[in-house]
Amino acid sequence: MNKETARDRILRVASELFYKEGIRAVGIDRIIKESDVAKASFYRSFATKDDLTVAYLEARDELKVEKLERLRQLYPSSPKEQLGALIRDVTEQMGMPDYRGCPFLNAAVEFPDRDHPAHVKLLDIQRSFWSRVQELAREGGARQPEELTAQLRMLYEGFVMKRYLDKSDLDSEYFRKAAELLLEKQITPDNHRG
């Protein structure tokens, strides 16, 4: 077992705090204290809080990509099932007690300046993720993979933001059912390739 480095510990603590409380709400001094590292160790690992924020977004992206890859491996010959599993997984996450929305959408709200390093990074991450979803839709035989992807994205982002902004207990099954309807409309047995 590898020992956790100071950088890893800082990133782990910051990730937990950033997701739970918001990036701007958590100061560097608190991260240093809760990571139990010296200030010099922090600045050797991350020159600025913006650097730490970008690393946080990259780490969250790695988790999302790993999860998508696991779902692909569960259903190696069926991109439609991979999409269905992704929808079910997202629905399950939404039902978790500590769910605080999408870390990337949360960061977009906190960093609206399109030139901010966090905003640039999250746009890149979102583009990459949704292009993977579109590729699954194409591989799964969707009649209009670009349209299906755009619809799934609007449904997901709208649902997450409504739930977050209203602090509502909107049933995540609404999302699942609507997303599965979109899949059924686009990927029918006669055009399914997987």
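A nonpolar core is a set of buried Ala, Val, Leu, Ile, Met, Phe, Trp, Tyr and Cys residues joined through side-chain atoms within 4.5 Å. In the predicted model described here, the largest such core has 52 residues, and Ile 31 and Leu 52 are those with the most contacts inside it. Two or more residues are given to this core by each of helix H1 (6–21), helix H2 (28–35), helix H4 (49–74), helix H5 (79–94), helix H6 (103–110), helix H7 (117–139), helix H8 (145–166) and helix H9 (172–186). The largest share, eight residues, comes from H7. Around Ile 31, and not counting residues up to four places away in sequence, the residues touched are Ile 10, Val 13, Ala 14, Leu 17, Phe 18, Val 26, Phe 42 and Leu 52.

The overall architecture is helical. The protein contains nine helices and zero strands, and its pattern along the sequence reads α-α-α-α-α-α-α-α-α. Taken along the principal axes, the C-alpha atoms fill a box of roughly 60 × 40 × 30 Å. Of the 194 residues in the protein, 45% are buried. Among contacts with a separation of 6 or more, 69% are accounted for by residues 24 or more positions apart.

Two helix pairings involving H4 were examined. Two packed helices are described by the angle between their axes and the distance between the axes. For H1 and H4, the axes come within 10 Å and cross at roughly 80°. Because this angle falls in the range of 65 to 115 degrees, H1 is roughly perpendicular to H4. On the H1 side, the contact is made by Arg 7, Ile 10, Leu 11, Ala 14, Ser 15, Phe 18 and Tyr 19, and on the H4 side by Lys 49, Leu 52, Thr 53, Ala 55, Tyr 56, Ala 59 and Arg 60. By class, the residues of the contact of H1 with H4 comprise nine nonpolar, two polar and three charged.

For H4 and H7, the axes come within 9 Å and cross at roughly 10°. These two helices, H4 and H7, are therefore roughly parallel to each other, as angles under 35 degrees are counted in this way. H4 contributes Asp 50, Thr 53, Val 54, Leu 57, Glu 58, Asp 61, Lys 64, Val 65, Leu 68 and Arg 72, which meet Pro 117, Ala 118, Lys 121, Leu 122, Ile 125, Gln 126, Phe 129, Arg 132, Leu 136 and Glu 139 of H7. The contact of H4 with H7 divides into 10 nonpolar, two polar and eight charged residues.

Helix H8 was considered for its length and its burial. At 1.5 Å a residue, the 22 residues of H8 should span 32 Å, and the distance of 31 Å between its end C-alpha atoms agrees with this. The buried residues of H8 are Pro 145, Leu 148, Thr 149, Leu 152, Tyr 156, Glu 157, Phe 159, Val 160, Met 161 and Arg 163. H5, H6, H7 and H9 are included in what covers these buried residues of H8.

Several individual positions complete the description. Asn 106 lies in helix H6 and, with a relative accessibility of 6%, counts as buried. Leaving aside neighbours within four places in sequence, Asn 106 is in contact with Tyr 19, Arg 100, Gly 101 and Tyr 164.

Ile 23 is placed in the loop between H1 and H2. A relative accessibility of 2% means that Ile 23 counts as buried. Not counting residues up to four places away in sequence, Ile 23 touches Phe 18, Lys 49, Thr 53, Tyr 56, Ala 107, Glu 110 and Phe 111.

His 116 is found in the loop between H6 and H7 and counts as buried at 15% relative accessibility. Apart from neighbours within four places in sequence, His 116 is in contact with Asp 50 and Phe 111. His 116 and Val 13 are 103 residues apart along the chain, and 23 Å separates their C-alpha atoms.

Asp 36, in the loop between H2 and helix H3 (39–45), counts as exposed at 66% relative accessibility. Although Asp 36 is not a glycine, this residue has a positive phi of about 55°.

Key
Residues numbered from 1 in each chain as written. Predicted model: local features only at pLDDT ≥ 70, side-chain atom pairs only at ≥ 80, totals over all residues. Heavy atoms only, no water. Buried < 20%, exposed > 50% of the residue type's maximum accessible area, 1.4 Å probe, protein only. Helix = DSSP H or I, 4+ residues; strand = E, 2+ residues; numbered from the N terminus. Contact = heavy atoms within 4.5 Å. Axes fitted to C-alpha atoms, helices over the stretch in contact; angles between N-to-C directions. Parallel < 35°, antiparallel > 145°, perpendicular 65-115°, else oblique. Nonpolar A, V, L, I, M, F, W, Y, C, P; charged D, E, K, R; others polar. Expected span 1.5 Å × (residues − 1).
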